[in-house]
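Please have the model open as you read.

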Amino acid sequence: MKLDSRKDFETLMFRILDPLKPLYSDGGALLQVGQTGVTYPRRTIQMEGFSRPLWALGPYWLGGGEAPEFAAIYRRGLASGTNPGGPEYWGDPGDCDQLFVEMAAIAAAILEVPGTVWTPLSGEEQSNLARWLDTINHHELPHCNWLFFRVLVNLALDSVGMPCDLEQMNRDLEEVDSWYVGDGWYTDGTPDIKPQRDYYIPWAIQYYGVLYSVFAAGRDPARARMFRERAMAFGREFAFWFDRNGAALPYGRSLTYRFGQCAFYSACVFAGIEPLPLGVMKGIIARNLEWWCQKPIFDRDGVLTIGYTYPQLYMSERYNAPGSPYWGMKTFLVMALPQDHPFWTVPAAPLPELPPVYAMKSADLLFQRLPDGQVNAYAPAEVEASEHGQFAEKYGKFVYNTRFGFSASRSYVALEQAAPDSMLAFVIDGYTFIRRHSEEFQLFGDRLISRWSPFAGITVVTELIPTGMGHIRRHRVESAIACTAYDCGFAVPKFCDGFAASAEGSAAGARNARQRCTVTGRTGAGVLVEAWPNTSLYAVNTVIPAVKYDIPVGAVTLETTVESESRD
């Protein structure tokens, strides 16, 4: 699907949303799109399903679009979901309740199109909705991007003259500001507790900051200006996360939100902020959406699934409910643009010229762009202590790549189940141990060095050095245990045209008609790891070329070269 005109974007939006219509409850307040569970109850799962399409529908109505059937559903649902005496009442939220997350989309819709989602409600229905939203001011929230949900709710309540807590809103904004680290980057909470930088900065903190700069421009011009300046700085660097073929870097948690990856640039276009030329931002948005349209991310009824490039629960987090992927509808904020906005007619431009190697110091990542267009991001494995699940896979691999993706383990009982692509995996008594986090690291302009321990008694200092077609890994291992280690390359799809794989001497490689990865050690033995099905985020069946090393008691230095090629 080629995206260019407003009509193209509208068609895609309804291709995603229309399959939901028969799945709404009679009262409209609940949307049941699947049967898998999360850490919150079924009623909240269904409310989440109801809320998230509003990230697209609100902007669509603001831009003059008409979707009367959805408008009727949402007016009915907002009334019945907040009626404490009704059968579809969403419930009274408690501390750190998922319902607070879903309030944000409702608040944004009130700010965008009060004439569609607020004014048509009766006085009693408005009071019920306002009372329910205001509960966010009377409970504890996690100190992360959730604080912006309360900011949006208070802005929305104030905009329609309902009771709110503007002092609390200001305290929340001040706390968010304390997370700022520079160049437009924040951490998603207190840096010493949540140090990693991932998509929660562009599709959450930066996104909400841009919304605030629009809807609070009159009341808080200084902070609005600050958010816009930070968006400008962030937007120039965030382009590094995108491949010329439209793919965005698969890295970090919540990747089932998929095309939410480019939502930040939609927010910039909506707000009239241009960290990059308008055509370049359109190109990033359009190519990313087009890339996703080529993937089997919908079920047979057209409903988005949990997973990445195909339905896959192994990579999900405990908070990924069946309706969670519709968080990606934030990207359709561009639908708020008027019919005559130049975004709809400007040609989608390619990415700007970017250096082949770039140290993104505020994000603690080293980026590399290979001649064939691949993007590598070398990561330090700096993550929060309280994990959401599979943090080693999502943050701890040596390199993340836009053409090969990465693998999420089935277990650590066997190497094939661990599928440790882009890792140095130690096998001890049949169990696999990998880098979960780094004790310390240094990011230079041309390399990344980290110190880590996979197992008590083993310390590794790894140096990652980008080269012309890949990178060199130099590991200094000090071990009190004699064991085996596998330095693994990318997971290469098999059972496809042109597939072949081999291991000989100290090298191993795998290729197909579109991709190739080889690993070569100065010592060691080349091997092929037959990863279990559905571990890779990009392909259901893969093989991982690796070099096997014998680790003695004492100190040893290993050096492995990893190279890859890929066609768009």
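## Terms and model

Two strands count as paired if DSSP finds at least two bridges between them. Strands are DSSP runs of E with at least two residues, numbered from the N terminus. The model is predicted, so to speak of local features a pLDDT of at least 70 is needed, side-chain atom pairs count only at pLDDT 80 or more, and totals for chains, interfaces and linings use all residues. Residues are numbered from 1 along each chain as its sequence is written, and side-chain values use heavy atoms, without hydrogens and water.

## The four-strand sheet

Follow β3-β4-β5-β6 and you trace an open sheet of four strands with antiparallel pairing. At its edges are β3 (357–360) and β6 (399–401), each pairing on one side only. From one strand to the next, the twist averages 20 degrees; axes for such angles are lines fitted to C-alpha atoms, and angles run from 0 to 180 degrees between N-to-C directions.

Inside this sheet, four bridges link β4 (residues 365–369) to β5 (residues 375–378) in the antiparallel sense. Arg369 has Val375 of β5 as its bridge partner.

## The eight-strand sheet

Another open sheet has eight strands, ordered β9-β10-β11-β12-β20-β17-β16-β15, with antiparallel pairing. Its edges are β9 (438–443) and β15 (500–504); each has a single partner strand, so one side of each lacks a neighbour in the sheet. Neighbouring strands here are turned by 15 degrees against each other on average, direction ignored.

Which strand do ten bridges join to β11 (residues 458–467)? The partner is β12 (residues 470–479), running antiparallel to β11. Val460 sits opposite Val477 in β12.
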